[in-house]
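Please work through the exercises below with the sequence and the model side by side, and try each task before reading its solution.

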Amino acid sequence: MGKWLLLLPLLLVTACGGTFSPTLRVAVASQKKLQVKEVPIEKYLLGVLAHEVPGNWPLEALEAQAIASRTYALYRKAHPRSKAYDIEATVSDQVYGHKNKPSRSIQQAVSETSGVVLTEHHELFPTFFHSCCGGQSESSDNVWPAVSADAVQQLHADPYCEACPRYQWEYRIEKSKLAELLSNWIGPSEVIEHIKIDRRYPSARVSELVVQTKHHGKKIITGNAFRKALGYTQLPSTFFDLSDLPDEVVFTGHGFGHGVGLCQWGAKGMADEGKTYQEILQFYYPGSHLVTNGAALPETDSETIPEPIPETIPETMPETRPESKPMDIDSLKPGTTDPE
Ligand SMILES: [Zn+2]
């Protein structure tokens, strides 16, 4: 059923040679008010790229981002976040707004790729992206186990993102402060005696850590939960080693973000070397296909995927790290629907 819903409008529009410009219900929260804006997809993309990538990046990198963002948005339209809206305007999905004006290159990238999306087995897939993989991609299996798309599951080395400011990083934290941040796992007022990395994924990212506490023995924490507890900015990735010193822990790592799908700094590196957006997308989403007029997609589909861990912002952009769960509409004062 879902497949036919996806394919039928696509075939109809393609056969008629027409254009179809769906709108997206975008949830924007400001000052504890929720607004759901109906935004035409191509206009939405201008407001996404202006916040997701620097406007002076090379055109081929911006075009790759435009296609990845369009595909992700339409995937969300088919798999909405909630009954009230399709997608959030934050790093939980893609950052969208009006604060930054889209550069001329961004406008060109969106218009020249208008309607182009990525598919796998004739269906959209969640085209995850992140700031910088640090030289090694991650499989979506290790971040979103329910996602079945092959194009975001394959591991590969990335030689293109070394210019990323956080290609290598160090983060130090006092053990007493770390114990506070981990109190949900190790208990309140606990003392950390030792901490070590217990397991890694094949990508070398941390799968599990073991914390030896003074009062409650050993506690196991997943790498993803650990990073969320410390803060996505403070601990830029789970691709790290650690040194367990008497009073502090020193993390040294690579990259910024979850490492799944398109590496934004890698896309820039490929474009700087003269690669086309087609080559960039094939490198980061291997086995996927570019489809034109892919904007014609179903209205809704009840299937959902787990909430992504938010991280999509390049190093040069301001960032926020909200909770990755959908916005709780009931806890927010009703806002106004503001069609654009
Ligand atoms: Zn990379």
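Predicted model: local features only at pLDDT ≥ 70, side-chain atom pairs only at ≥ 80, totals over all residues.

Residues are numbered from 1 along each chain as its sequence is written.

**Exercise 1. The whole protein**

Task: State how many helices and strands the protein has, and what percentage of its residues count as buried.

Solution: Begin with the secondary structure, taken as DSSP runs numbered from the N terminus, where helices are H or I of at least four residues and strands are E of at least two. On that basis the protein has 9 helices and 15 strands. Next comes burial: a residue is buried if 20 or more other C-beta atoms, placed from the backbone, lie within 10 Å of its own, exposed if 12 or fewer, and partly exposed in between. Of the 340 residues, 44% count as buried. Finally, consider contacts, which require C-beta atoms placed from the backbone to lie within 7 Å. Among contacts between residues at least 6 apart in sequence, 71% join residues at least 24 apart.

**Exercise 2. Helix α3 against helix α8**

Task: Describe how the axes of α3 and α8 cross, and list which residues make the contact.

Solution: Take the axes as lines fitted to C-alpha atoms, for helices over the stretch in contact, with angles running from 0 to 180 degrees between N-to-C directions. The axes of α3 (residues 59–78) and α8 (residues 264–272) come within 7 Å and cross at roughly 140°. That makes α3 oblique to α8, because angles under 35 degrees count as roughly parallel, over 145 as roughly antiparallel, 65 to 115 as roughly perpendicular and the rest as oblique. On the α3 side the contact is made by E60, A61, A64 and Q65, and on the α8 side by Q264, A267, K268 and A271. These residues divide into 4 nonpolar, 2 polar and 2 charged, where Ala, Val, Leu, Ile, Met, Phe, Trp, Tyr, Cys and Pro count as nonpolar, Asp, Glu, Lys and Arg as charged, and the others, Gly among them, as polar.

**Exercise 3. Helix α3 against α4 and α9**

Task: Give the angle at which α3 crosses α4 and the angle at which α3 packs on α9.

Solution: The axes of α3 and α4 (residues 104–112) come within 8 Å and cross at roughly 55°, and the two helices are therefore oblique to each other. Here L59, L62, E63 and A66 in α3 meet S105, I106, Q108, A109, V110 and E112 in α4. With α9, α3 packs at an angle of about 55°, the axes lying 8 Å apart. This contact is made by E60, A61, E63, A64 and I67 of α3 and Y277, I280 and L281 of α9. By class, it has 6 nonpolar, no polar and 2 charged residues.

**Exercise 4. The nonpolar cores**

Task: Find how many residues the largest nonpolar core has.

Solution: A nonpolar core is a set of buried Ala, Val, Leu, Ile, Met, Phe, Trp, Tyr and Cys residues joined through C-beta atoms within 7 Å. The largest has 65 residues, and those with the most contacts inside it are V26, Y44, L49, A64 and I280. Its largest share, 11 residues, comes from α3. Apart from this core lies another, of 14 residues, among them L182, V211, F226 and L235.

Definitions and conventions
Contact = placed C-beta atoms within 7 Å.
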